[in-house]
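Please walk through this structure with the sequence and the coordinates side by side. The text below goes from the interface to the separate chains.

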Amino acid sequence: MLSIKNLHASIGDKEILKGINLEVKAGEIHAIMGPNGAGKSTLASIIAGNENYEVTEGEITLDGEDLSELAPEERAHKGVFLSFQYPVEIPGVSVTNFMRTAINETRKANGLEEMPANQMLKVIREKSELLEIDRKFLSRSLNEGFSGGEKKRNEIFQMAMLEPKLAILDETDSGLDIDALRIVANGVNKLKSDKNAIVVITHYQRLLDYIVPDFVHVLLNGKIVKSGDASLALELEEKGYDWIKQEQEA
Amino acid sequence: MDLKEKLLSSFMAFEERIDVHSELHDVRTSAIKNFEDKGFPTKKEESWKYTSLNAILKNDFTVFSKKENAIEFNHVKKYFLHEIDTYKVVFIDGVFSSHLSATTHEGIDVCLMSSALTKPKYKMVIDAYFNQIANKDDSLTSLNTAFAMEGAYIHIPKSKVADKPIEIMYFSTGNEAALLVQPRNLVIVGENSHVQIIERHQSLNENPVLTNSVTEIFAQKRAIVDFYKIQNDTLEANLIDNTYVSQKQESHVSVHTFSFGGNLTRNNLNFYHFGERLTSTLNGITIIGEKQHVDHYTLVKHSTPNCESFQDYKGIYSDRSTGVFNGKVYVEKEAQKTNAFQKSNNILLSDKATINAKPQLEIFADDVKCSHGCTVGQLDETALFYMQQRGIPKKEAKALLMYAFSNAVIENIKIPELKQRITKIIATKLGVKMGFDL
């Protein structure tokens, strides 16, 4: 589904990604781990089309289609979803209205009619129950005054609404207490199918107890330096990243 | 003959049509004298540093329209808040249109300034209020006073709630090549009374218009006045709005400006306090482009203890448009426990757009809370990316962000239909269809 080949990217003069290769197939969950500043969030942003970064080499394709010339919204319309590490507050626009706009723009781009209001309400009700979100919450301004946990839960709610092909969860576990973590992970697992794929970006093993990855990749200094199965995450949790650094230097 | 000379000679012609043996005439003559001495303001004056009238004053303005000026309601219906029932005081090229108006004398007076100024039964009220709060030193206000004749006269007696909003509408037909109009409004709201007023100036074609308007508002004890000014005129329309507000204790007066159009718009908003525990609210949204210019010049004079004032101005400027915000808060020594807040947030969408923002606080009391904040920036790129990531195209995302930016002021609109209308105008200005209920 997602294929990244020799991806190099920089911001200004600073090269952040130095040749990333990653293959994600439908039905798979991948975890990308690594220390601060390794380039994890940059990778997520670039897949989603953030124009602040310049791709200097390599390519990203989704189901064989090159994404490089597509605007962020066009990528979204093709099924790319990024759960933000820091969701943005938008005063005056309610969660419901924001979702309605997002869904109908996506439908429009895919040649579909707008979703009828009653169906929209039904879907909103279903998905908010999945994330254990109070109805009142939905009429509040998007992310405004939300706690860290509420913001993250709201991100996954949006993912549930948009049903993306490829979901990238950037540090979704940060700022979550154990109950919220369980709710969010449970939501993600219910959304998981053999048609979609999930890339989880995280520092810690904690989230991976709930969302069990098929593959774990270690991102260090702009490169994926080690890949393995779920047991690699446990090893990292136990031993930190230094041993991989030493392995690299050796 | 330049416009000033033309006006001075027009005043002599005007005197032949009015009662020159009245106290009112003394007011007029000293006003025209002040205008003669001072003339039109120039950029040399501190308060007009960023706004020039020069180019506008070169037009050969007609001072009194002589042309036929009837208009059909259907042609102008869209400018009214036609979804709801309202009182209407409507003028066409400065002349009252009984055909388009819906005035009343039942319990409240919503009628004509010209009647109030000339009929004996209004004399006591006119003597007590007319030109009492307007700044007699200001040349443009004086010019208006000298020629004051037509406008809206609104008098809500003690303990009355105006049962529906009042629309004051000034149309310019463009039948004259260039027209100067000088509306004069007087609003008196009695103790415990409440009124909502919407004022709009609208040109119906592209001929230049200069409006020099003066509105005096008197809010008695515990009166509530919500005043909305819709400024969404043509690119040849120029508006100088001089609004003076006098407030007594526990009254609440709010003036909202929605400046979306016009060649030049200058809002001089002046609030004076004559009682304790009162609140003044000044809100504005400016969204302009091309070479449009909008200038807000506000003054809140805190003279009494325990009063509050809130100013919140949002501006979005594109193309070569220019904005000015000059907000003056004056806290006198007696005005202890004053709360005065002022905010001016601006977004520049083009490299060629400019904003001059100048907060001025003069505080002579020592136990007060005053704050001011001015920001000038661009749209938040991170927020744009966030919305695009959810599938909302950049143009719509920008519009949504600008809407969100103006939202605090939109939320303050107390008439739901007006709120909808303003939102619609904003959507049109931003070039999008807002795909949700606002």
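Two residues are in contact if their C-beta atoms, placed from the backbone, lie within 7 Å. The model is predicted, so that local features need pLDDT of at least 70 and side-chain atom pairs count only at pLDDT 80 or more, while totals for chains, interfaces and linings use all residues. Residues are numbered from 1 along each chain as its sequence is written, and chains are lettered from A and ligands numbered from 1 in the order in which they are written.

In the interface, 23 residues of chain A are in contact with 18 residues of chain B. Three elements of chain A, namely α2 (72-77), β7 (90-94) and α3 (95-109), each supply at least two residues of the side that touches chain B. Helices (H or I, at least four residues) and strands (E, at least two) are DSSP runs, numbered from the N terminus. The most is given by α3(A), with 7 residues. By class, this side of chain A has 12 nonpolar, 8 polar and 3 charged residues. Here Ala, Val, Leu, Ile, Met, Phe, Trp, Tyr, Cys and Pro count as nonpolar, Asp, Glu, Lys and Arg as charged, and the others, Gly among them, as polar.

Chain A contains 9 helices and 12 strands. Its C-alpha atoms fill a box of roughly 60 × 40 × 35 Å along the principal axes. The radius of gyration of chain A is 18 Å, which agrees with the value near 18 Å that a compact globule of 250 residues would have; the radius is taken over C-alpha atoms, and the globule rule is 2.2 Å times the number of residues to the power 0.38. Of the 250 residues in chain A, 44% are buried. A residue is buried if 20 or more other C-beta atoms lie within 10 Å of its own, exposed if 12 or fewer, and partly exposed in between, with C-beta atoms placed from the backbone. Among contacts in chain A with a separation of 6 or more, 71% join residues 24 or more positions apart.

Strands of a sheet pair through backbone hydrogen bonds, either parallel or antiparallel. Two strands are taken as paired if DSSP finds at least two bridges between them. In chain A, β1 (residues 2-11) runs antiparallel to β4 (residues 54-62), joined by 7 bridges, and antiparallel to β2 (residues 14-24), joined by 8 bridges. A:Ile4 has A:Ile60 as its bridge partner in β4(A) and stands opposite A:Leu22 in β2(A). The hairpin of β1(A) and β2(A) has 2 residues between the strands, and A:Gly12 takes a positive phi near 60° there.

An open sheet of 6 strands in chain A has the order β6-β9-β10-β3-β11-β12, with mixed pairing. Its edge strands, β6 (80-83) and β12 (223-228), each pair on one side only. From one strand to the next the twist averages 20°; axes are lines fitted to C-alpha atoms, for helices over the stretch in contact, and angles run from 0 to 180 degrees between N-to-C directions. β6(A) pairs with β9 (residues 166-170) of chain A in the parallel sense over 4 bridges, and A:Val80 has A:Leu166 as its bridge partner in β9(A). Helix α6 (residues 148-162) of chain A lies across β6 and β9, at about 170° to β6(A). Helix α9 (residues 242-249) of chain A lies across β11 (215-220) and β12, at about 70° to β11(A).

Chain B has an open sheet of 10 strands in the order β2-β1-β5-β8-β10-β12-β14-β16-β18-β20, with mixed pairing. At the edges stand β2 (95-96) and β20 (369-377) of chain B, each with a single partner strand, so one side of each is left without a neighbour in the sheet. In this chain, 6 bridges join β1 (residues 87-92) to β5 (residues 166-172), which run parallel, and B:Tyr87 stands opposite B:Ile166 in β5(B). Helix α10 (residues 416-430) of chain B packs on the sheet, touching β8 (194-203), β10 (224-232), β12 (252-261) and β14, and its direction makes about 25° with that of β12(B).

In the loop between β18 and β19 (354-363) of chain B is B:Lys352. With 13 C-beta neighbours inside 10 Å, B:Lys352 counts as partly exposed.
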